[in-house]
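Thanks for coming. I have one structure to go through today, and I will keep to a few features of it. Please have a look at it first.

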Amino acid sequence: MVPVIDKRKTGEQIRKYMNLRGLTVQDVKTYLSLGCVQSVYHWLDGQSAPSLDNLYALSELLRVPMDLLVAGNRSCEPEANLPTGAIRLLRYYCLLYECMAA
């Protein structure tokens, strides 16, 4: 199966990190120099997805990697081939990163 981006879930992720940062749609519009807020609302509602450039800028504004913003049907198991110590370190890093994003 070919991995596909789920626009609705991606919008939910963007909204989640906007809320964590206390940012409004107007803040995002201004930061990205968009003409109107409608584009941002379309992303949040899952009607469309941000361009790669806007996604990259959003990740900077929201202070999270792009991978945390994009949601899809890709099955990714980063722990599958790691030794036990590395798995613990990866989980710790993920928890720490989530705390920093909040």
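Before I start on the packing, a definition: when I speak of contact, I mean heavy atoms within 4.5 Å. And a caution, since this is a predicted model.

I will begin with helix α4, which runs over residues 52-62. Which of its residues are buried? They are N54, L55, A57, L58, S59, L61 and L62. Buried here means under 20% relative accessible area. The cover over these residues includes α1, α2 (25-32), α3 (38-45) and α5 (66-69). After α4 comes R63, which has a positive phi, near 60 degrees.

Next, α1, residues 7-21. How many salt bridges does a search of the whole structure find? The count is 1. It is formed by the side chains of E12 and R8, at 2.5 Å from N to O. Why can these two meet? E12 and R8 lie 4 residues apart in α1, so about one helical turn separates them. An α-helix has 3.6 residues a turn, so residues three or four places apart point the same way. As for accessibility, E12 is partly exposed at 41%, and R8 is also partly exposed, at 43%.

Last, the surface. A nonpolar patch is formed there by L89, Y92, L96 and M100. Together they have about 460 Å² of accessible area. One of them, Y92, sits in helix α6, residues 84-101. Is Y92 buried or exposed? Its relative accessible area is 54%, so Y92 counts as exposed, the cut-off being over 50%.

That is what I have.

Key
Residues are numbered from 1 along each chain as its sequence is written. This is a predicted model: local features need pLDDT of at least 70, side-chain atom pairs count only at pLDDT 80 or more; totals for chains, interfaces and linings use all residues. Side-chain values use heavy atoms; hydrogens and water are left out. Patches are made of residues with over 30% relative accessible area and no salt bridge: like charges are joined within 9 Å, nonpolar side chains (Val, Leu, Ile, Met, Phe, Trp, Tyr) within 5 Å. Accessible areas come from the Shrake-Rupley method with a 1.4 Å probe; for residues, only the protein chains shown count as cover. A salt bridge is a side-chain nitrogen of Lys or Arg within 4 Å of a carboxyl oxygen of Asp or Glu. Helices (H or I, at least four residues) and strands (E, at least two) are DSSP runs, numbered from the N terminus. Buried means under 20% relative accessible area, exposed over 50%, partly exposed in between (1.4 Å probe, protein chains only).
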